[in-house]
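Visitor: I have a structure open and would like to go through parts of it. Can we start with how some of the helices pack?

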Amino acid sequence: MESKSKNFIYEIIDEDLKANKWGESTICTRFPPEPNGYLHIGHAKSICLNYGIARDYNGKFNLRFDDTNPEKEEQEYVDSIIEDVKWLGADFEDRILYGSDYFEQMYKWAVDLIKKGKAYVDDLNADEIRSSRGTLTEAGKESPFRNRSVEENLDLFERMRKGEFPNGSKTLRAKINMSSPNINLRDPIMYRIVHDEHHRQENKWCIYPTYDWAHGLEDAIEGITHSICTLEFENHRPLYDWFLDELGIHHAQQIEFARLNLTYTVMSKRKLLQLVKENYVDGWDDPRMPTVSGFRRRGYTPESIRNFAEIIGVAKRDALTDIALLEFAIRDDLNKHAQRVMAVLHPLKVVITNYSGEEELDGVNNPEDPSMGIRKIPFTNEIYIEQTDFMEEPPKGYHRLIPGGEVRLRYAYIIKCEEVIKNDKGEVTELRCTYDPDTRSGTGTSKKKVKGTIHWVSAKHTFEAEVRLYDRLFTVESPDSDKEKNFLDFMNPNSLEIIPNALIEPFAKNSKKGNRFQFERHGYFCVDTKFTSSEKLVFNRTVTLKDSWGKK
RNA sequence: UGCCCCGUAGUGUAAUUGGCAACACGUCUGACUCUGGAUCAGAAGACUUCAGGUUCGACCCCUGACGGGGCAGCCA
């Protein structure tokens, strides 16, 4: 271990190791998603944490589906989760495991508990159980079925499995303590009857273990040493301990940490599902979604997400992480690796009146990495520049093109604005400029210094592409923490701006889905994997460049 | 109201286990620059929620208050 400052989980593991708590066995962690939705950036944090521990301690990392509820789970989610975990680079080797594969063993252990008199079949229905559970301040009441004989319980439980009873008519409950101050210990439910097809077990089972019963057993079966989960399971730990101790089986150490919250988005699967189902976005992988697949489609790299996880660290206090930390991580990565190219999003025509002919200029592919080389950029007397790079009446400090002023065309010449042409409505439609032949980039002959450099494309050589500019999905930092309003009330109506015909430098013409670029002075973009066709490239803006001029 | 957890610059985390609070992001300067990016140099910003106590010494240990979060699914 060589990380400079360890988080509290590493410290616990170090202590365990020092105390030889696990004997000869290696450290084993796991990521246990329920396949009822796509993974989000919060899951990515957990994956990085769990996989990181296994890697740092030369241990093992399992991917295990917690698939104990057939009503919510689907194969589509299983597939997406596997893809996302792989993409993030968390190596589970060949261990794609399923809690449902352990159902038989779990059943046997349940029988063991019944035999010990520690579990019973209850005939109370859901309402009755709820009302007899008590409240936060009052103890619960024991079920009238709590003291059935072992024989009767065994018989009933077996018949539950055989499918003799309808949904909800019976449950298997642990016999613990109905007046425990910890509500989780008030005879929690271990099995419920659900006649429903399971995405993996199909119709093999009609009783399903609850998470509380199943989770610790899954960890035990896999020999997990450190069972890392989020804070809300802290109160459940005594229950898991109880089960494991009663059964006398392998006992993972559970450690809880605070889940990730990010500004300007929501992070609950339920809410994300709603955004998808009600078509606020175009799917789980919409580039505005905080899902792993959304970030992937938007152009984020796995490295940047891993680095983000490293930056934010791990702790037990709940926090709201500024999205700026994530944006830093992706800019930092893309700055070093993305191919540069020029693109004009909102074109303004410029005619260079004293230039004729055509030439090719050298553009640096990545100033941070000379090994990426240079490319040729065609130049002619008719080009397009960005509308915002020209102003008739500039504010102070503006150093782009103004009437009578000069500006450097990136990798080309310095031009001077001689004439402004407008339409009937008074809008600027074209600029007439002259260029200074002595100022060609790279010749070193220019004595001129000019304050601004702007990007451009040759009218004759450029190609059109669709560009999608994304903004935050919500207008407030914490859309789901308002007491009165629903998170949907805070959706940003301008979270997506589509530019159907942006003009791109020819170099990017043959790019493939997923290719990443920096559009100089704009930001980082990638070729969309969903809407790009053989006819038209669609670029997603991953993130803008930092902008110390046009600050909002 | 019962139980459990938490409380360090704007944000996220540190503080070698009790030795005069550090790092990253963000913000603001300045330098450099053919990207108002990057890079480089620097600055501002925290009486560590509060009050007691233990100690030569407390962010750290103890007590109490205050504040935040979680728990009353046959969800996970």
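**Helix packing and a few residues**

Guide: In helix H7, Tyr-211, Asp-212, Trp-213, Gly-216 and Leu-217 meet Leu-239, Tyr-240, Phe-243, Leu-244 and Leu-247 of H8; contact means heavy atoms within 4.5 Å. Helices (H or I, at least four residues) and strands (E, at least two) are DSSP runs, numbered from the N terminus. This is a predicted model, where local features need pLDDT of at least 70, side-chain atom pairs count only at pLDDT 80 or more, and totals for chains, interfaces and linings use all residues. Residues are numbered from 1 along each chain as its sequence is written, chains are lettered from A and ligands numbered from 1 in the order in which they are written, and side-chain values use heavy atoms, with hydrogens and water left out.

Visitor: At roughly what angle do the axes of H7 and H8 cross?

Guide: They cross at roughly 60° and come within 9 Å. Axes are lines fitted to C-alpha atoms, for helices over the stretch in contact, and angles run from 0 to 180 degrees between N-to-C directions. H7 and H8 are therefore oblique to each other (under 35 degrees is roughly parallel, over 145 roughly antiparallel, 65 to 115 roughly perpendicular, and the rest oblique).

Visitor: Which residues in H8 are buried?

Guide: Leu-239, Tyr-240, Trp-242, Phe-243, Leu-244, Glu-246 and Leu-247. Buried means under 20% relative accessible area, exposed over 50%, partly exposed in between (1.4 Å probe, protein chains only). The buried residues of H8 pack against helix H4, strands S5 and S6, H7 and S9.

Visitor: What follows H8?

Guide: Gly-248, with a positive phi near 65°.

Visitor: New topic. Is Glu-256 buried or exposed?

Guide: Glu-256 counts as buried because its relative accessibility is 2%. Glu-256 is found in strand S9, residues 253-257.

Visitor: Which side chains does the Glu-256 side chain join in a polar contact?

Guide: One is Arg-237, at 2.7 Å, and another is Gln-254, at 3.0 Å. A polar contact is a pair of N or O atoms within 3.5 Å; within protein, one must be able to donate a hydrogen and the other to accept it, and residues adjacent in sequence count only if both atoms are side-chain atoms.

Visitor: And where is Gly-283?

Guide: Gly-283 is in the loop between helix H9 and H10. Gly-283 is buried, with a relative accessible area of 13%. Leaving aside neighbours within four places in sequence, Gly-283 is in contact with Val-276 and Met-289.
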